[in-house]
Amino acid sequence: MNIILLGAPGSGKGTQAAFLIEQHGLTHLSTGDMLRAEIAADSDLGRQAKSIMESGALVSDDIVIAMIAARLSEKGALFDGFPRTIAQAEALDKLLAGRGSQIDRVIELQVDNEEIVKRMLARGRSDDNEETIRNRLAVFEAQTKPLIAYYETQGKLRSIDGSGELDAIRARIEAALA
């Protein structure tokens with residue numbers, strides 16, 4: 001099973017991903033985690049990604065898709081924060097089709113922007129200041145929202161309320177996967 005968690009930065013994708021990985025035995029593919037690991041390692045990619053991420057922009061498709069391709073497994077994957085654009089979604093569809101696979105379900109976590117700003121400021125990451133957060137939300141609206149229509153036309157999208165108690169959100173996700 002291949003699942004995409006789709007939602008704005010700070011909508012709870014990482015929190016829910018941990019649950020889904022354990023529950024369904026999936027490989028976790030979080031582009032944010034992959035990029036932060038590169039930054040922590042102070043690699044060339046990490047230094048390049050750090051300046052891009054600190055400005056609130058997205059890292060190039062070529063870099064992200066190469067990272068994803070290198071980490072795909074046969075047991076299925078949970079895509080967390082990827083794809084972010086139609087071009088990435090099309091590249092992922094092509095990559096999976098070449099392996100005889102596909103995206104099975106897309107779960108969109110819907111959370112109010114003001115709640116997201118509050119959540120992200122509370123987690124205290126160095127790249128989480130209010131201006132950067134609002135820029136990331138604007139980038140999400142402009143580039144990622146079109147994915148909703150893309151996956152909706154394929155019949156794979158399930159939108160759920162990503163606010164409230166964790167157990168309630170998890171129950172809504174499991175119902176959407178059924």
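In this predicted model, Glu 108 is buried, its relative accessible area being 5%. The residue belongs to strand β4, which covers residues 105–110. A polar contact of 3.3 Å links its side chain to that of Gln 110. When residues up to four places away in sequence are not counted, Glu 108 touches Leu 6, Lys 145, Ile 148, Leu 157, Arg 158, Ser 159 and Ile 160.

The largest nonpolar core comprises 27 residues, of which Ile 4, Ile 68, Phe 79, Leu 92 and Tyr 151 touch the most other members. At least two residues of this core come from each of β1 (3–6), α2 (31–40), α3 (44–54), α4 (61–71), β3 (77–80), α5 (86–97) and α8 (146–153). Apart from this core lies another, made up of 13 residues, including Ile 3, Leu 20, Leu 78 and Leu 109. Within the largest core, Tyr 151 was considered individually. With neighbours within four places in sequence left aside, Tyr 151 is in contact with Ile 4, Pro 83, Ala 89, Asp 93, Val 106, Lys 156 and Leu 157.

Helix α4 has the buried residues Ile 63, Val 64, Met 67 and Ile 68. Viewed down the axis of α4, these buried residues fall within an arc of 130 degrees, so they line one face of the helix. An α-helix has 3.6 residues a turn, so residues three or four places apart point the same way. Asp 62 and Ala 70, both exposed, are carried on the face of α4 turned away from its buried side. The packing partners of the buried residues of α4 are β2 (27–30), α2, α3, β3 and α5.

Thr 31, located in helix α2, is also buried, with a relative accessible area of 4%.

Arg 125 is situated in the loop between α6 (113–123) and α7 (130–144), and counts as partly exposed at 30% relative accessibility.

A further "binding site" listing in UniProt, likewise from an unreviewed entry, gives Gly 10, Ser 11, Gly 12, Lys 13, Gly 14, Thr 15, Arg 123 and Gly 164. Lys 13 from this set is included in the lining of the largest cavity. Gly 10 lies in the loop between β1 and α1 (13–24) and, at 16% relative accessibility, counts as buried. Not counting residues up to four places away in sequence, Gly 10 touches Ile 116, Arg 119 and Met 120. Gly 164 is placed in the loop between β5 (157–161) and α9 (166–177). With a relative accessibility of 58%, Gly 164 counts as exposed, whereas Gly 10 is buried.

Conventions. Residues are numbered from 1 along each chain as its sequence is written. This is a predicted model: local features need pLDDT of at least 70, side-chain atom pairs count only at pLDDT 80 or more; totals for chains, interfaces and linings use all residues. Side-chain values use heavy atoms; hydrogens and water are left out. A nonpolar core is a set of buried Ala, Val, Leu, Ile, Met, Phe, Trp, Tyr and Cys residues joined through side-chain atoms within 4.5 Å. Buried means under 20% relative accessible area, exposed over 50%, partly exposed in between (1.4 Å probe, protein chains only). Helices (H or I, at least four residues) and strands (E, at least two) are DSSP runs, numbered from the N terminus. Contact means heavy atoms within 4.5 Å. The arc is that of the directions from the helix axis to the C-beta atoms. UniProt positions are given in the numbering used here, feature names are shortened, and annotations may be inferred rather than shown by experiment. On a 1 Å grid over the protein atoms alone, a cavity is a set of points where a 1.4 Å probe fits but cannot get out, and a pocket is an open set with protein on both sides within 12 Å along at least five of seven lines; lining residues have an atom within 4 Å of a point. A polar contact is a pair of N or O atoms within 3.5 Å; within protein, one must be able to donate a hydrogen and the other to accept it, and residues adjacent in sequence count only if both atoms are side-chain atoms.
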